[in-house]
Amino acid sequence: MPVIQDPEIQNVLKDLMAASWDELPDALIHDVKNALSKNTDDKAGQEILKNVFCAAEAVEEFGGMLISMKMELDDSIGLSGEDVKPLSDDFVNALRTVYQRYSAYLDAFGPDEGYLRKKVEMELGSKMIYLKMRCSGLGSEWGKVTVLGTSGLAGSYVEQRA
């Protein structure tokens with residue numbers, strides 16, 4: 001986690017990182033906006049909070065698309081897969097696009113944003129893996145999708161627990 005001088009900004013950042021980004025609570029959004037509009041000397045802390053908040057909003061929107069795809073897939077083949085059939089070309093193209101955007105987004109994080117990359121991996125990884133488990137014939141690149149954000153040991157969940 002980055003060092004933030006202002007205690008209010010630090011507390012809001014911790015709350016944001018601890019919250020589920022499936023649907024951001026209104027109270028948390030209010031707290032973030034207050035901290036961002038606050039007059040403080042810690043401009044770097046506000047910039048960090050702004051970046052995390054933008055990532056949270058992006059994950060919330062992208063996660064919604066993944067859930068929509070999951071529901072469409074479940075409607076098509078049934079919850080237990082009783083009506084398995086080949087995926088439509090549109091759905092296959094959508095899966096390819098989703099993976100490309102997911103990878104591009106994760107690759108966009110800089111080396112000093114490892115904490116944020118891990119959070120995004122945790123928030124989106126389970127939804128991506130659900131799609132991966134329900135579809136056959138996906139490319140080997142889907143094997144890179146992780147849930148706990150343990151793609152590297154430095155700062156990983158495993159290392160933090162040790």
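A helix here is a DSSP run of H or I of at least four residues, numbered from the N terminus. By that definition, Gln46 lies in helix H3. The structure is a predicted model.

**Helix packing**

Two packed helices are described by the angle between their axes and the distance between the axes.

| Helix pair | Axis angle | Axis distance | Crossing |
|---|---|---|---|
| H1 (residues 7-18) and H3 (residues 43-77) | roughly 20° | within 10 Å | left-handed |
| H2 (residues 26-37) and H3 | about 150° | 9 Å | left-handed |

Angles under 35 degrees count as roughly parallel and those over 145 as roughly antiparallel. H1 and H3 are therefore roughly parallel to each other, whereas H2 is roughly antiparallel to H3.

**Residues in contact**

On the H1 side, Ile9, Val12, Leu13, Leu16 and Met17 meet residues of H3 that include Gly45, Gln46, Ile48 and Leu49. This contact of H1 with H3 comprises 10 nonpolar, two polar and no charged residues.

H2 contributes Ile29, Val32, Lys33, Ala35, Leu36 and Ser37 to its contact with H3, where the partners are Gln46, Leu49, Lys50 and Phe53. The contact of H2 with H3 consists of six nonpolar, two polar and two charged residues.

**The setting of Gln46**

Is Gln46 buried or exposed? Gln46 has a relative accessible area of 9% and is therefore buried, since the cut-off for that class is under 20%. Apart from neighbours within four places in sequence, Gln46 is in contact with Ile9, Ala35, Leu36, Ser37, Lys38 and Thr40. A polar atom of the Gln46 side chain lies 2.8 Å from the backbone oxygen of Lys38.

Definitions and conventions:
Residues numbered from 1 in each chain as written. Predicted model: local features only at pLDDT ≥ 70, side-chain atom pairs only at ≥ 80, totals over all residues. Heavy atoms only, no water. Axes fitted to C-alpha atoms, helices over the stretch in contact; angles between N-to-C directions. Helix = DSSP H or I, 4+ residues; strand = E, 2+ residues; numbered from the N terminus. Parallel < 35°, antiparallel > 145°, perpendicular 65-115°, else oblique. Left-handed = near helix turned anticlockwise from the far one by under 90°. Contact = heavy atoms within 4.5 Å. Nonpolar A, V, L, I, M, F, W, Y, C, P; charged D, E, K, R; others polar. Buried < 20%, exposed > 50% of the residue type's maximum accessible area, 1.4 Å probe, protein only. Polar contact = N/O pair within 3.5 Å; in protein donor to acceptor, adjacent residues only side chain to side chain.
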